[in-house]
Structure formats: structure tokens, C-alpha cells
Amino acid sequence: MPTAPRKILKTVFGFDQFRPHQEAIISAALSGRDVFAALPTGGGKSLCYQLPALLRDGLTVVVSPLIALMKDQVDAVRAAGVEAGCLNSAMETSERAEVHAALNRRTLKLLYIAPERLGVDGAYEKLADWGCCAVAIDEAHCISEWGHDFRPDYLQLSRIRREFPSIPLIALTATATKKVQEDIIGQLGLEKPHIVRAGFDRPEIFYRVEPKRDVLRRIAEFTLARKGRSGIVYRSTRADVEKTAVYLRDRGVDALPYHAGLPDEIRKGNQDEFKADRASVIVATVAFGMGIDKPDIRFVVHGDLPKSLEAYYQETGRAGRDGDDAEVLLLWSAGDTAKSRFHINKMEDPLERDKASDSLRKMMLFARTFACRRKVLLAHFDETHPGDCGGCDVCAGEVESVDATEDARKLLSAAARTEQRYGSHHLVDIVRGTLTDKIKERHHDRLPTFGIGTENTRKHWLGIAEDLEAGGFVYRDEERFKALVMTREGRDLLFGRTEFRTVRRANDKSESIHAGTLRFKSQSGDQELTAKDTALFEILRKLRFRLAAEIGKPPYVIFPDRTLRALAINRPETGSEMLECPGVGEKKLATWGDVFLAEIRAFAENKGD
Ligand code: ADP
Ligand code: ZN
């Protein structure tokens with residue numbers, strides 16, 4: 001590897017080291033080869049085409065479907081001193097004319113373009129005039145019908161190879177099964193590409209799954225314990241998005257809603273507030289996740305069960321893209337599963353139905369697992385993880401399994417003795433011996449199971465019913481008043497042929513103790529912040545927020561959290577000391593060095609050291 005890329009990595013981007021695979025991708029690209037790269041979210045794909053662009057004479061064109069992010073991407077590279085522009089249909093005609101002028105003058109190094117813009121204004125034809133010498137295709141899975149995000153516009157991209165056979169192509173994606181990979185390579189006409197498939201583990205993410213009870217209260221408690229940190233809360237319906245956002249705001253969390261039913265300008269406005277750190281939490285439906293992109297998201301909460309592990313991986317993957325520790329929480333209930341199942345059963349296409357139901361089952365198994373969550377998740381992507389990761393609730397000992405066979409049999413027996421015609425609430429009334437009108441009317445107080453479980457709370461029994469359903473021992477008959485019906489496993493359990501274990505949280509309160517600080521050490525190897533460092537960190541964050549507001553850009557365009565933390569710990573006194581901190585390049589030092597150094601100096605003087 002020539003020294004040039006390493007040097008640029010430091011001077012322009014301010015990073016000391018390449019992330020895994022970046023260096024190999026960059027050197028293959030610079031040697032003029034085609035590249036296919038599947039890297040997980042946060043793996044640092046952008047750098048793989050941005051850095052070579054700086055070392056080439058001419059323009060690198062980046063095709064991306066994420067119009068909402070283009071301006072930010074351009075802002076971010078411009079902040080590092082790179083001439084860049086973008087073209088998409090959301091821009092004003094006059095804005096696009098300016099970019100075209102710059103392209104004709106050949107002053108740009110990087111052009112971000114939406115696929116549909118390549119087909120208009122003669123863009124394909126002009127690529128040569130603009131001095132295009134490389135093309136990067138981001139979100140390349142969009143070209144494949146096997147990908148989860150197929151876009152017909154992407155099929156046109158095959159023109160690039162046909163019309164400009166000598167321009168090297170680099171295709172990047174965060175979701176590639178082997179099938180999608182082959183499709184991408186074939187569709188784009190990549191020639192003997194250098195192929196990189198990175199591991200999909202996200203060591204910076206702490207995975208946690210909890211039974212969903214009192215969902216709004218739990219979400220509020222979780223977000224309040226992380227006040228001021230950026231987070232996404234996913235809900236599956238628009239109504240729940242609205243309800244959750246209002247509930248959180250009422251309790252002092254600066255949360256905003258985001259879903260397709262909101263007027264464009266409000267939705268866009270809310271997203272901008274979130275990006276600019278003026279709102280720390282966005283409550284959103286999953287349909288709009290693609291538009292939410294922020295490197296410093298510290299947590300993602302799923303208030304409802306995602307429809308597949310792929311979706312869950314994508315959505316949780318939006319946390320911790322900057323490589324700093326992040327937490328994800330999945331709140332899960334059997335009721336959700338039943339709801340999804342109900343919708344799945346109504347699907348017409350039997351293939352689609354089977355696929356959806358299989359996805360749901362795998363999602364459920366993940367939620368219910370007693371094994372390392374990381375191991376289970378990665379296994380789904382054909383990756384073997386040894387387990388014992390230290391970064392999930394199971395490995396961290398927050399979760400234990402307990403034998404609940406006796407209780408399960410009591411509840412199943414109540415169901416069996418009432419001909420499996422009643423829902424969980426009525427069954428719980430029976431075992432708890434509650435004399436409701438319905439019980440009296442149906443003489444269920446005469447059953448031998450009546451009152452055999454008075455020693456446990458109603459909540460406990462409803463939990464057992466949910467766990468039974470999640471484990472596939474019973475199902476809820478949506479057509480017959482949600483009656484609990486035993487499956488074969490359920491009958492085996494009732495008649496003593498199998499056992500039943502359920503998950504218990506080791507200590508429900510354990511994690512609120514860690515309010516405000518992240519509670520596990522990921523492999524990022526970062527130093528711990530002392531109380532004093534934290535004080536300075538917060539001051540620098542406020543400074544960054546002010547500066548960002550002045551220039552009208554999101555804070556992370558100035559420096560990522562990681563840089564602020566390094567500044568807080570190392571407290572540089574000079575520009576060259578500041579350059580030692582990750583994320584500080586020469587351009588950023590020239591722009592922001594003085595203000596940050598002054599703030600650090602003032603802090604040191606105030607504290608008398
Ligand atoms: P992806 O597109 O793969 O999800 P990005 O390109 O957005 O990821 O990069 C994620 C984050 O990682 C960005 O904040 C980026 O600045 C940072 N990053 C990229 N490469 C490096 C590196 N070599 N060292 C430190 N940070 C990096
Ligand atoms: Zn684990």
C-alpha cells in the first residue's frame with residue numbers, strides 16, 4: 001500500500017487507522033479494479049470511495065437512493081475540505097444548475113447523484129465531459145429483486161458498464177446474502193471484482209430484550225435514563241408513534257414523531273430537529289428508517305416486534321455507527337406475535353405467507369432465547385460467533401431461565417377444562433379464584449382449577465400465558481375471541497411429557513442504576529471518562545451545538561462524539577496535540593481548532609489545574 005491513502009486518512013479525515021477492510025478496498029479501487037463490498041452499517045463504506053476520489057484526477061460519481069441524506073453527506077465531506085456536490089429531484093432547478101456548472105468546470109471531486117437523475121438532463125452522456133473516472137454504487141442491493149429494497153431505477157445502472165467500459169465500478173451494500181451479491185455483480189457487469197464480505201457483528205451494540213409490559217412507561221423510563229442522548233424509538237403503527245411521542249414529551253423527553261402520515265414539511269422538520277440534536281429522540285415507524293441517518297445514535301428501542309431478523313438487524317444497526325457504545329432494547333410480547341400472525345394468515349400468496357411466517361418465528365426465537373443474543377443474530381447471517389459476548393442481556397447475566405412447569409400446567413388445565421374457549425384474562429381469573437360475573441354465570445368457580453394459583457399475582461399469570469404462547473404451547477384464536485388453544489407441544493406439557501422454562505429478569509432495576517452512562521465496555525477500547533472529563537465533554541458538546549446552529553449544520557459535521565471524548569480526556573493545548581485526537585484533520589483544525597482549544601483552556605483554568 002502506498003503511503004498516500006494513510007496520509008490522507010489522517011490529514012483529511014482525521015483518522016489514525018483504517019477500519020477492517022477499508023484499506024484493501026481502497027487499494028483495489030485505486031489499482032483500477034471493480035470492487036464488491038458488503039460491510040455492516042457503520043463499517044465505514046463512504047470512506048472507501050471518498051478517499052480514492054481524492055487521489056484520482058477527475059470526478060468520482062456516487063450513486064445513492066438516499067436523497068434525504070445527500071446534503072448531509074456533501075456537507076460532511078465539504079467540512080473535511082473536499083469539493084463535492086449532489087444532484088437529486090428534491091433540489092431546486094437553480095441549485096441543480098449550479099452543480100451542473102461546477103461539473104462542467106470540472107471543479108468537483110465527488111458527485112452524489114440519485115439514480116433517477118442519471119437518466120435526465122443527459123447525465124449519462126455527460127459523464128465523460130465531467131471527467132468521471134470512477135463510479136461508486138451505494139446501497140447496491142437496490143439493484144436486486146432479492147434485496148429487501150429493490151428500486152427499478154437501479155436497473156438502469158447497467159448502462160454505465162456498457163457505455164463506459166473502462167470506468168472502474170465499486171458496489172457497496174450492508175445487506176448481502178450470497179444471492180444478492182451475485183445479482184449485484186451480474187446486473188452491474190462487474191468484471192472479476194475484488195470481493196469483500198465483512199463480518200456482521202456490531203461489537204459496539206449491547207442487545208437487550210424484555211417482555212413488553214406497560215410499554216409506554218418502560219420506553220419513558222428507558223429514554224429518561226439516557227436523557228440528552230440521541231435515540232430512535234420504533235413503533236409499528238402511526239397511531240402508536242403519535243401516542244408514544246406525546247407520552248414522552250409529557251414526561252420531559254424531547255421526542256418528535258416521524259411517519260408517512262405527517263405532512264411533508266413537518267416530517268422533514270422533525271427529522272432536521274433530530275439531526276441537529278435539538279430533539280434527542282425520534283419516534284418513528286420502520287417504513288421511514290432509511291431517511292434517519294445519524295452517526296451518534298446511542299440507542300434504538302423497538303416498542304413492537306420487528307417482522308424479521310433482517311429488519312431488526314438493520315434497524316438496530318442505526319445505533320452506534322460512529323463506533324461508540326450503543327444500546328438496543330426490544331420490547332416483546334406474545335400479543336404482538338399474535339397480531340402479526342393474524343395479518344400473515346390473511347396474505348394471499350402462499351409463498352409470501354410462508355416466508356413471512358418463517359421470518360416471524362425466527363424473530364420470536366431470538367426474543368425468547370436463553371443463548372447469547374449476538375450468537376443467535378449472527379447465526380442468522382451464516383456467521384458463527386462463540387457466544388459469551390458480554391454485550392447482551394443474557395451474557396451480562398440480566399436474564400435467567402426459571403422452571404415454570406407447575407404454573408404452566410395449572411393454566412393449561414384451566415384452558416382444557418373450559419374446552420379451550422376462553423382468552424387469557426378469563427383463564428387467569430379462574431386460577432386466581434376471582435369471582436367475576438362471567439365466572440359465576442358459567443359456573444367456573446366449581447372447576448377444580450378454580451383458585452389453585454392465588455399465591456401469584458395476576459401479572460405473573462398473564463406473563464405465563466404470554467410465555468406459553470411465545471413458546472408455541474398455545475395459540476390465540478383471533479377468530480374466536482382470542483381463545484387460548486393448545487398446540488401439540490401444549491398437550492405434551494399438560495400431560496407431563498415436557499417441561500416449561502421461562503425467562504426472568506435477574507434484577508428489574510439493575511439498569512436504571514447506570515442512568516446516563518453506557519454500561520458495558522465494547523471492543524472499541526475507549527478510555528473511561530472521569531467525572532471531570534465528563535464535565536468537559538458536556539461543555540464541548542454544548543459548544544459544538546452552538547457552532548452547528550450558527551452554520552446551520554448537524555453537530556456531528558463538526559466533530560463526532562468520539563473526538564469530543566478524546567478532547568475531554570487528553571485536553572490538548574496546541575493545534576498539533578489536537579491533531580492527535582481521532583476525527584481531527586487539518587481542515588477541521590483550521591476551522592474549529594481555536595474555539596475548541598480556547599474552551600478546553602478555560603475549563604482547565606477554572607478548575608485550577
Ligand atoms: P456505513 O456507510 O458503512 O454505514 P459510514 O461510511 O457512514 O458507514 O461511516 C460510519 C462512521 O464511521 C462515520 O462517522 C465515519 O466518519 C466513521 N469512520 C469511517 N472510517 C473510519 C476510520 N477509519 N476511523 C474512524 N472512524 C471512521
Ligand atoms: Zn451475548
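**Stop 1: ligand 1**

Start with ligand 1 and its shell of 14 residues, where Gln 17, Gln 22, Gly 42, Lys 45 and Ser 46 come nearest. Keep in mind that this is a predicted model. Colour the shell by residue class: 4 are nonpolar, 7 polar and 3 charged.

Now pick out the polar pairs. A ligand nitrogen sits 2.7 Å from a polar backbone atom of Gln 17. At Gly 42, a polar backbone atom is 2.6 Å from an oxygen of ligand 1. Select Arg 321 next: an N or O atom of its side chain is 3.0 Å from a ligand oxygen. On its own, ligand 1 has 570 Å² of accessible area, and the protein covers 80% of that.

**Stop 2: the largest nonpolar core**

Which residues touch the most other members of the largest nonpolar core? Select Val 61, Val 63, Leu 110, Leu 111, Val 135 and Leu 157, out of 69 residues in that core. Then show helix α3, residues 45–55, which gives the most to this core, with 5 residues.

Centre on Val 63. Beyond its neighbours within four places in sequence, Val 63 contacts Ile 113, Pro 115, Leu 118, Val 135, Ala 136, Ile 137, Asp 138, Tyr 154 and Leu 157. A second, separate core has 34 residues, among them Tyr 312, Ala 319, Ala 326 and Val 328.

**Stop 3: Ser 64**

Step on to Ser 64, in the loop between β2 (59–63) and α4. Is Ser 64 buried or exposed? Its relative accessibility is 1%, so Ser 64 counts as buried. Draw a distance from the Ser 64 side chain to the backbone nitrogen of Leu 66: 3.1 Å. Now list the contacts of Ser 64, leaving out residues up to four places away in sequence. They are Met 70, Ile 113, Ala 114, Pro 115, Asp 138 and Tyr 154.

**Stop 4: Glu 83**

Select Glu 83, in the loop between α4 (67–79) and β3 (84–87). Glu 83 is partly exposed, at 46% relative accessible area. What does Glu 83 touch, not counting residues up to four places away in sequence? The partners are Thr 107, Leu 108, Lys 109 and Leu 110. Glu 83 and Val 503 are 54 Å apart, C-alpha to C-alpha, and 420 residues apart in sequence.

**Stop 5**

Most residues other than glycine have a negative phi.

Asp 121 has a phi near 50°. Find Asp 121 in the loop between α6 (115–118) and α7 (123–126). Asp 121 counts as partly exposed because its relative accessibility is 43%.

Asp 277 has a positive phi of about 65°. Look for Asp 277 in the loop between α12 (264–275) and β11. Asp 277 is buried, with a relative accessible area of 18%; the cut-off for buried is under 20%.

**Stop 6: helix α10**

Show helix α10, residues 215–224. Why is α10 described as largely enclosed by the rest of the structure? Because 7 of its 10 residues are buried. Highlight them: Val 215, Leu 216, Arg 218, Ile 219, Ala 220, Phe 222 and Thr 223. Next, bring up what covers these buried residues. The cover includes strands β8 (205–211), β9 (231–234), β11 (281–284), β12 (299–302) and β13 (326–332), along with helix α11 (238–250).

**Stop 7: helix α18**

Go to helix α18, residues 424–432, which is mostly covered, with 7 of its 9 residues buried. Select the buried ones: Ser 424, His 426, Leu 427, Val 428, Asp 429, Ile 430 and Val 431. Just after α18 comes Gly 433, with a positive phi of about 70°.

**Stop 8: Leu 540**

Finish in helix α22, residues 531–551, at Leu 540. With 0% relative accessibility, Leu 540 counts as buried. Which residues contact Leu 540, leaving aside neighbours within four places in sequence? Show Leu 564, Leu 567, Ala 568, Phe 596, Glu 599 and Ile 600.

Conventions. Residues numbered from 1 in each chain as written. Chains lettered and ligands numbered in written order. Heavy atoms only, no water. Near = heavy atom within 4 Å. Polar contact = N/O pair within 3.5 Å; in protein donor to acceptor, adjacent residues only side chain to side chain. Areas by Shrake-Rupley, 256 points an atom, 1.4 Å probe, with all protein chains shown as cover. Nonpolar A, V, L, I, M, F, W, Y, C, P; charged D, E, K, R; others polar. Core = buried A, V, L, I, M, F, W, Y, C linked by side-chain atoms within 4.5 Å. Buried < 20%, exposed > 50% of the residue type's maximum accessible area, 1.4 Å probe, protein only. Helix = DSSP H or I, 4+ residues; strand = E, 2+ residues; numbered from the N terminus. Contact = heavy atoms within 4.5 Å.
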